[in-house]
Amino acid sequence: MYNNFQKYLQDELQSIKDAGLYKNERVITSPQQAQIKVGDGDDVLNFCANNYLGLANNPELIAAAKEALDTHGYGMSSVRFICGTGDLHKKLEESIANFFGTEDTILYASCFDANGGVFEPLLDENDAIISDALNHASIIDGVRLCKAVRYRYANANMEELEECLKKAQSQRHRLIVTDGVFSMDGNVAPLDKIHALAEKYDAMVMVDESHSAGVVGHTGRGTTELYNLRGEIEILTGTLGKSFGGAVGGFTTGKKEIIAMLRQRSRPYLFSNSIPPMIAAAGIKMFEMMSATNKLQDKLHANTDYFVAAMKGAGFDIKPTQSAICAVMLYDAPLSQKFAARLQEEGIYVTGFYYPVVPKGQARIRVQVSAGHEKEHLDKCVAAFTKIGKELGVLK
């Protein structure tokens with residue numbers, strides 16, 4: 001049987017390569033930080049990590065993780081409700097709730113699991129989910145696992161959202177779900193308007209803060225801080241794998257009854273090991289650091305403003321952004337790969353994104369700015385983009 005299937009896979013893989021859409025992985029041989037080593041090559045500046053606050057190699061987080069290895073061991077070897085809940089897990093959940101101003105928190109192995117496990121335990125065929133068209137794949141997959149009636153509105157289009165809400169009045173409960181920051185474009189969801197519509201049409205709201213927590217808002221507390229809605233949104237999901245240390249682990253935080261129901265019925269929580277104690281300890285330390293100072297957020301915001309202005313000044317087509325994501329539009333998939341490869345030769349590490357990650361004809365290089373970057377790093381990146389842009393005919 002496999003001979004036929006093998007031939008099918010080989011043909012499919014070749015067609016992906018022929019279309020210029022094949023994704024190759026590059027191996028990093030150093031810690032994740034602003035400057036990294038790729039394979040056996042030279043050091044390059046990393047502009048494609050989600051390491052927004054530059055904490056992935058932070059000495060204080062490393063020390064906290066090492067201490068937890070000595071005091072709590074390597075792993076829990078179990079799911080939470082059997083014998084996999086530790087004191088560090090409970091303390092981290094409390095820290096997350098305090099940070100976002102919510103009532104309770106539940107930890108997952110990843111935010112993909114958090115999003116995959118949030119809908120089915122709470123909603124059924126009598127209810128409605130109204131989802132932004134550009135929501136993350138994990139939200140899409142989570143919605144598919146739920147029997148609720150599904151509605152979809154164009155990205156951040158409040159007129160379409162209102163129409164969906166009107167249609168959904170025949171359902172029992174309504175949940176609007178949106179990314180806080182849309183990862184491919186960098187725009188922030190208009191949460192103030194979403195919240196107003198939710199109140200008007202008796203709906204709840206869920207926001208995935210993965211790319212907005214640590215980034216958006218004066219102190220990095222995400223979209224609810226930006227729009228002065230702290231504690232008002234029913235469900236927030238997020239990750240420890242981006243701004244918050246760059247490791248693993250996800251969470252859902254929000255109303256206490258929702259979190260309680262997820263502990264009882266959320267399948268990724270009930271059937272997956274709890275995160276290692278060292279990850280929980282580093283997370284606790286990270287939230288302590290973020291509560292003590294706003295230095296990293298201030299630097300990130302300054303770096304992003306400087307970089308976006310410089311790239312626009314150089315003549316690049318940049319998507320409007322309200323985050324640390326700068327989408328440099330190239331539109332052609334093979335061009336995005338060639339551009340990224342040439343940038344690596346110039347010491348700039350980025351990735352070209354193309355279909356199916358973004359729509360066809362919308363290929364781009366997504367540059368992610370970090371508080372770990374210094375001004376000279378940003379200047380070198382802009383100079384390299386400008387050089388290759390002229391070389392490949394993107395700039396005149």
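Q: How do the axes of H4 and H12 lie, and at what angle do they cross?
A: In this predicted model, the axes of helix H4 (residues 87-100) and helix H12 (residues 277-292) come within 9 Å and cross at roughly 30°. Axes are lines fitted to C-alpha atoms, for helices over the stretch in contact, with angles from 0 to 180 degrees between N-to-C directions. Helices (H or I, at least four residues) and strands (E, at least two) are DSSP runs numbered from the N terminus.

Q: Are H4 and H12 roughly parallel or antiparallel to each other?
A: H4 and H12 are therefore roughly parallel, a term for angles under 35 degrees.

Q: Is the crossing left-handed or right-handed?
A: H4 passes H12 in a left-handed crossing, meaning that the near helix is turned anticlockwise from the far one by less than a right angle.

Q: Which residues of H4 and H12 meet?
A: From H4, Leu-88, His-89, Lys-91, Leu-92, Ser-95, Ile-96 and Phe-99 take part. Their partners in H12 are Pro-277, Ala-280, Ala-281, Gly-283, Ile-284, Phe-287, Glu-288 and Met-290. Contact means heavy atoms within 4.5 Å.

Q: How do the residues of that contact divide?
A: The contact of H4 with H12 has 10 nonpolar, three polar and two charged residues. Ala, Val, Leu, Ile, Met, Phe, Trp, Tyr, Cys and Pro count as nonpolar, Asp, Glu, Lys and Arg as charged, and the others, Gly among them, as polar.

Q: What is the phi of Asn-228?
A: Phi of Asn-228 is near 55°, a positive value in a residue other than glycine. Asn-228 lies in the loop between helix H9 (223-226) and strand S8 (235-239). Its relative accessible area is 68%, so Asn-228 is exposed (over 50%).

Q: Which peptide bond is cis, with omega near 10°?
A: The bond from Tyr-355 to Pro-356 is cis. Pro-356 is in the loop between strand S12 (352-353) and strand S13 (363-368).

Q: Which rules apply to the numbering and the values?
A: Residues are numbered from 1 along each chain as its sequence is written, and side-chain values use heavy atoms, with hydrogens and water left out. In this predicted model, local features need pLDDT of at least 70 and side-chain atom pairs count only at pLDDT 80 or more, while totals for chains, interfaces and linings use all residues.

Note on methods:
Parallel < 35°, antiparallel > 145°, perpendicular 65-115°, else oblique. Buried < 20%, exposed > 50% of the residue type's maximum accessible area, 1.4 Å probe, protein only.
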